[in-house]
Amino acid sequence: MTKKVTEERAPRMLNTSKAVYIILIILCLFPFDKLGLPNYVTPAVALFLGLMYAMVFECPYPKFNKKTSKYLLQASVVGLGFGMNVTESLKSGSEGMMFTVVSVFGVMLIGILIGWWMHINRKTAYLISSGTAICGGSAIAAVGPVLKANSHEMAVSLGVIFILNAIALFIFPPIGHFFEMSQAQFGTWAAIAIHDTSSVVGAGEAYGPEALKIATLIKLTRALWIIPLALMTMALFRDKTAKISIPWFIFLFILAMVANTYCGIPAVVSDWCVWLAKKGLVLTLLLIGASLTVGTVKSVGARPLLLAIILWIVIGVSSFFVVRATIV
């Protein structure tokens, strides 16, 4: 009897799941601001809605969710480039770029050593260190095949980074406001201390327009370190046949900045590109949140999570003090 009731409820549950999923997407894309209405669906709210959805329902379109969030994030980042000036952006972000070089090597070294000391699987520790040092899931996805990591090692590493990314998007803007950080300070700090590009851009957008520009620029500069990291990984693990995943969308972002600066694009066009990019980012965070499963959280394990937290504290605290001391 119980089995029959469960089977009868399953289709209704699936239909409800699809309906809620579509409603949430519409909420993220609805032009509240263009209609003069208050917009409460911020990047953080979108991520929260996605997380709540994942706790209640099973995502009806997992493959669509995964692919769309990846490419939508890339398109949104490129769109943001149409609202940025090359000269001003490089001037604002130059100091943060210098610290990026030091932090990438420092986090990688500390992560590998602590992982060895904690007896964490070598590849898992390397993947978590890579994700913390550069750009979260993108770095892990790029380095994993070079490392020949198995599905469990990839799932654990991505799960750890995802959990901390979700937390960062909620806690970083309030911390910045509490310490009265300037837009430049917060944008630089977020780009260095938050793992994934989606959460960096989301936190910057929540803090202010200047913080968004600086955070995006520095984070994408940091993401380019995927290429030398993959080459270094290939040498360390002696695999010359592995393919390197190059984040081509970053170069499109640079082209968008150049076009906006030197090609005389009408302000109305660039404004619409930026507006669409921000809407795309909000939807991206909803989709990322909705892709989380209870199984992912359970698969992480205590030691990998502790390693990720230690690295996050190291990079977060050190970058906070450096940024406060060197940037106005």
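The model is predicted. The protein averages a pLDDT of 82, and 88% of the residues score at least 70.

**View 1. Confidence along the chain.** Helix α8, residues 183-193, has the highest confidence in the protein, at a mean of 91. Helix α14, residues 294-300, has the lowest, at a mean of 68. Residues 1-7 have a pLDDT below 50. Beyond near neighbours in sequence, this stretch makes 0 contacts in the model.

**View 2. The whole fold.** The secondary structure comes to 15 helices and 0 strands. Of the 328 residues, 49% count as buried. The accessible surface is about 16,200 Å². Carbon and sulfur atoms hold 71% of that surface. Take the contacts between residues at least 6 apart in sequence: 83% of them join residues at least 24 apart.

**View 3. The largest nonpolar core.** This core has 96 residues. Five of them touch the most other members: Ile-134, Phe-172, Phe-186, Trp-189 and Leu-307. Helix α13, residues 267-290, gives the most to the core, with 10 residues. In soluble globular proteins, nonpolar side chains tend to be buried together.

**View 4. Contacts of Ile-134.** Ile-134 is one of the core residues that touch the most other members. Leave aside its neighbours within four places in sequence. Ile-134 is then in contact with Val-104, Ala-139 and His-195, and also with Lys-219, Arg-222, Ala-223, Trp-225, Ile-226 and Leu-229.

**View 5. Helix α5.** Helix α5 covers residues 122-133, 12 residues in total. From first C-alpha to last it reaches 16 Å, close to the 16 Å expected at 1.5 Å a residue. Because 10 of its 12 residues are buried, α5 is largely enclosed by the rest of the structure. The buried residues include Tyr-126, Leu-127 and Ile-128.

**View 6. Helix α8.** In α8, 10 of the 11 residues are buried, so this helix is largely enclosed by the rest of the structure. The buried set runs through Ala-184, Gln-185, Phe-186, Gly-187 and Thr-188, then Trp-189, Ala-190, Ala-191, Ile-192 and Ala-193.

View 7. Ile-194 sits in the loop between α8 and α9. Its relative accessibility is 1%, so Ile-194 counts as buried. Ile-194 and Gly-131 are 63 residues apart along the chain, and their C-alpha atoms are separated by 10.0 Å. With neighbours within four places in sequence left aside, Ile-194 is in contact with Asn-165, Ala-168, Phe-172, Trp-189, Ser-199, Val-200, Ala-203 and Lys-219.

**View 8. Thr-197 in α9.** Thr-197 belongs to helix α9, residues 197-207. With a relative accessible area of 5%, Thr-197 is buried. Its contacts, leaving aside neighbours within four places in sequence, are Leu-73, Val-77, Cys-135, Lys-219 and Leu-220. Lys-219 is also a contact of Ile-194 and of Ile-134.

**View 9. Lys-278 in α13.** Lys-278 lies in helix α13. At 29% relative accessibility, Lys-278 counts as partly exposed. Lys-278 and Pro-43 are 235 residues apart in sequence, yet 8.7 Å apart in space, C-alpha to C-alpha. Leaving aside neighbours within four places in sequence, Lys-278 is in contact with Leu-80, Glu-205 and Leu-212.

**View 10. Two loop residues with positive phi.** His-119 has phi near 60°, a positive value in a residue other than glycine. His-119 lies in the loop between α4 (86-117) and α5. Its relative accessible area is 65%, so His-119 is exposed. Glu-180 has phi near 55°, again positive in a residue other than glycine. Glu-180 is found in the loop between α7 (151-178) and α8. At 68% relative accessibility, Glu-180 counts as exposed.

View 11. Cys-263 is exposed, because its relative accessible area is 56% and the cut-off is over 50%. The structure holds 0 disulfides.

Terms used
Residues numbered from 1 in each chain as written. Predicted model: local features only at pLDDT ≥ 70, side-chain atom pairs only at ≥ 80, totals over all residues. Heavy atoms only, no water. Disulfide = S-S within 2.5 Å. Buried < 20%, exposed > 50% of the residue type's maximum accessible area, 1.4 Å probe, protein only. pLDDT = per-residue confidence, 0-100. Helix = DSSP H or I, 4+ residues; strand = E, 2+ residues; numbered from the N terminus. Contact = heavy atoms within 4.5 Å. Core = buried A, V, L, I, M, F, W, Y, C linked by side-chain atoms within 4.5 Å. Areas by Shrake-Rupley, 256 points an atom, 1.4 Å probe, with all protein chains shown as cover. Expected span 1.5 Å × (residues − 1).
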